[in-house]
Amino acid sequence: MSSSVDTSTSDAPASRRLAEFRQRPLLEALVRHGVDFVVIGAVAAIAQGYPLTTRDLDVTPAAEPGNVERLAAAIRDLDGKLRVTGGDPVPFPAEAAFLGNVQSWTLDTRGGDLDVLFEPAGTRGYDDLKTDAVDVDLGGGLVVAMASLRDVIRMKEAAGRPKDRAQLPALRQTLEVVRERERR
Amino acid sequence: MLSADLIREARLRSGITQAELGRRINRSQSQVARWERGAVTPSFETTLELIRACGLDLWYELAVYDDSYVEDVRRNLALSPAERLAEADELERGYEHLRRAGVAALG
């Protein structure tokens, strides 16, 4: 069951106006197409207080066929292409039968970089992550499910690559501060 | 990370239920649930036993205490989630600018 994350009015200085975050168009497209998904990775962590940065959006969609159809439609709508290191993006057939047969996709879209992982390391996919996910209100009517901090840590631990391990100290400290705040 | 989080993480990573983990160490499912909720804190030795029962291990070493991110996290928590993402994005765009400038400078 999803819980919600603190979305109370910001007490940041009113004079500071931040531009819109770059992942919003991608999230809006997924929501508009009715895709069931959980945001994972750095975006999920940042929304819950993690102090580092990222460029791309990582999501875990539900793997049931109807949802993969909706995901395929969203990717076509976003003009999604395969992201290639050091090269131009490559067009591909964003069809459900094709998408659903591969565990992960790294895409370049009109809305920015989108990584789709059906079964991230250390998890059993959408249903597993949804259990502890938090519903995050991003304003403007956009509410999305994001993996809990402890599940983001679980995935980073299980992935075990140097770039994942490098993020663990900040993730653990974020979890500790959030816990401390919840206890007050 | 608290022992409750470590036990939950190990169990979920190995894909077993609380009942199965309890069976492997001769404890009840409800005892495992209490440990995972943090209602009861197991000893370090029991935590290690639970993690190993999941087919994983806990490596440990003494390290210098580091809370260097704590103030940044507290500052972020004063923002809304959308503002946290926007601020991270603003920082990332700054880093991208620096990377491009660095690459250009290197010719």
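**A helix and its surroundings**

Mentor: Let's start at the end of helix α1 of chain B: this helix is followed by G15(B), whose phi is positive, near 70 degrees. Helices (H or I, at least four residues) and strands (E, at least two) are DSSP runs, numbered from the N terminus. Please keep in mind that this is a predicted model, in which local features need pLDDT of at least 70 and side-chain atom pairs count only at pLDDT 80 or more, while totals for chains, interfaces and linings use all residues. Residues are numbered from 1 along each chain as its sequence is written, and chains are lettered from A and ligands numbered from 1 in the order in which they are written.

Now the helix itself. α1(B) covers residues 3-14, and its 12 residues should span 16 Å at 1.5 Å a residue; the end C-alpha atoms are 17 Å apart, which agrees. The expected span is 1.5 Å times one less than the number of residues.

This helix is largely enclosed by the rest of the structure, because 9 of its 12 residues are buried. A residue is buried if 20 or more other C-beta atoms lie within 10 Å of its own, exposed if 12 or fewer, and partly exposed in between, with C-beta atoms placed from the backbone. The buried residues of α1(B) are S3(B), L6(B), I7(B), R8(B), E9(B), A10(B), R11(B), L12(B) and R13(B).

Not counting residues up to four places away in sequence, R13(B) touches G122(A), R154(A) and A158(A) from chain A, and C54(B) and L56(B) from chain B. Two residues are in contact if their C-beta atoms, placed from the backbone, lie within 7 Å. From R13(B) to E96(B), 83 residues apart along the chain, the C-alpha atoms are separated by 35 Å.

The domains of chain B come next. The assignment gives domain 1 (3-53) and domain 2 (70-105), with bounds taken from an automatic or database domain assignment. The C-alpha centres of these two domains of chain B lie 38 Å apart.

The contact takes 37 residues from chain A and 31 residues from chain B. On the side of chain A that touches chain B, α2 (41-47), β7 (134-137), α6 (149-159) and α8 (168-183) of chain A each supply at least two residues. The largest share of that side, 7 residues, comes from α8(A). Its residues divide into 15 nonpolar, 10 polar and 12 charged. For this count, Ala, Val, Leu, Ile, Met, Phe, Trp, Tyr, Cys and Pro are nonpolar, Asp, Glu, Lys and Arg are charged, and the others, Gly among them, are polar.

Next, the cores. A nonpolar core is a set of buried Ala, Val, Leu, Ile, Met, Phe, Trp, Tyr and Cys residues joined through C-beta atoms within 7 Å. The largest has 54 residues, and those with the most contacts inside it are V38(A), V39(A), I40(A), A44(A), M146(A), A147(A) and V152(A). α2(A) gives the most to this core, with 6 residues. Leaving aside neighbours within four places in sequence, A44(A) is in contact with V39(A), M146(A), A147(A) and V152(A).

Finally, back to the backbone angle we began with. Most residues other than glycine have a negative phi, and most peptide bonds are trans. N26(B) has a positive phi, near 60 degrees, and is a residue other than glycine. It lies in the loop between α2 and α3 of chain B and is exposed, with 7 other C-beta atoms within 10 Å. In chain A, D79(A) also takes a positive phi, near 55 degrees. D79(A) lies in the loop between α3 and β4 of chain A and is partly exposed, with 14 other C-beta atoms within 10 Å.
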